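This report covers backbone geometry, strand pairing and charged side chains. Look over the sequence and the fold first.

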Amino acid sequence: MKARDSERNHRPTEAEPKPLEEPKHETKKLKNLSEYAQTLQLGWNGLLVLKNSCFPTSMHILEGDQGVISSLLKDHTSGSKLTQLKIAQRLRLDQPKLDEVTRRIKQGSPNGYAVLLATQATPSGLGTEGMPTVEPGLQRRLLRNLVSYLKQKQAAGVISLPVGGSKGRDGTGMLYAFPPCDFSQQYLQSALRTLGKLEEEHMVIVIVRDTA
């Protein structure tokens with residue numbers, strides 16, 4: 001009898017950790033877009049710069065090729081990874097311009113483009129040890145200020161890549177930073193299904209390699 005008791009007491013403890021751990025992992029409800037972003041692969045971490053403001057940003061890969069990011073988001077003068085991206089142009093969010101971006105994505109598919117979700121980089125936590133220091137004269141602001149600015153202008157931010165000049169034809173491309181709009185939402189269907197609604201300010205970043 002005693003042996004059976006101890007056996008009975010012993011078994012559940014052996015099996016216990018498993019049921020406890022698994023549901024926690026699977027049923028953890030993602031509360032917001034930042035949490036959703038953490039489930040994706042980090043593509044780039046750094047500062048987006050517009051005029052005299054800089055916005056600490058994390059970009060996570062929604063689809064496309066990581067190789068495009070690593071080859072285009074680097075400083076060709078020094079060869080090091082870029083920590084700052086300066087928005088120098090704007091693209092109006094009208095249909096012909098958006099169709100052109102879609103055409104470039106299709107042309108670059110499967111490994112000449114990448115689509116990323118950009119969210120506010122948190123001051124503490126994952127990946128911030130790589131956060132660059134802010135240059136003098138630049139004011140650090142929240143990403144939502146940049147999103148509001150682009151929404152107000154009804155435009156996407158545009159950056160020609162690479163920064164610091166081109167190294168041959170295959171090493172050039174464009175980065176488009178879209179505020180929430182119909183165009184960007186098409187890449188966030190999975191996030192929308194997971195979260196129900198996207199309340200947090202965010203951007204969808206499209207990087208396309210120039211095709212010769």
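Glutamine 154 has a relative accessible area of 46%, so it counts as partly exposed. The classes are buried (under 20% relative accessible area), exposed (over 50%) and partly exposed (in between), with a 1.4 Å probe and protein chains only. Glutamine 154 sits in the loop between α6 (143-153) and β7. Its phi is positive, about 50°, although the residue is not a glycine. Helices (H or I, at least four residues) and strands (E, at least two) are DSSP runs, numbered from the N terminus.

The model is predicted: local features need pLDDT of at least 70, side-chain atom pairs count only at pLDDT 80 or more, and totals for chains, interfaces and linings use all residues. Residues are numbered from 1 along each chain as its sequence is written, and side-chain values use heavy atoms, with hydrogens and water left out.

Lysine 51 also has a positive phi, near 50°, and is not a glycine. Its place is the loop between β1 (42-50) and β2 (53-64). Lysine 51 counts as exposed because its relative accessibility is 55%. Most residues other than glycine have a negative phi, and most peptide bonds are trans.

Where are the cis peptide bonds? One runs from serine 109 to proline 110, with omega near 5°. Proline 110 belongs to the loop between α5 (95-108) and β5 (113-120). Another joins leucine 161 and proline 162, with omega about -5°. Proline 162 lies in the loop between β7 and β8.

Strand β7 covers residues 155-161. Six of its seven residues are buried, so the rest of the structure largely encloses it. Strands count as paired if DSSP finds at least two bridges between them.

Strand β4 (residues 89-92) pairs with β7 in the antiparallel sense, over four bridges. There, arginine 90 has glycine 157 of β7 as its bridge partner. Strand β8 (residues 173-178) also runs antiparallel to β7, joined by five bridges. Glycine 157 stands opposite alanine 177 in β8.

## Salt bridges

How many salt bridges are there? The count is four, taking a salt bridge as a side-chain nitrogen of Lys or Arg within 4 Å of a carboxyl oxygen of Asp or Glu.

Arginine 103 pairs with glutamate 100, with the closest N and O atoms 2.8 Å apart. The two are three residues apart in helix α5, which means about one helical turn separates them. Arginine 103 is partly exposed at 42% relative accessibility, and glutamate 100 is partly exposed at 35%.

Aspartate 210 forms a salt bridge with arginine 104; the closest N and O atoms are 2.4 Å apart. Aspartate 210 is partly exposed at 28% relative accessibility, whereas arginine 104 is buried at 16%.

Glutamate 201 bridges to lysine 151, the closest N and O atoms being 3.5 Å apart. Glutamate 201 is in the loop between α8 (189-195) and β9, and lysine 151 is in helix α6, so the pair ties together parts 50 residues apart in sequence. Glutamate 201 is partly exposed at 27% relative accessibility; lysine 151 is partly exposed at 38%.
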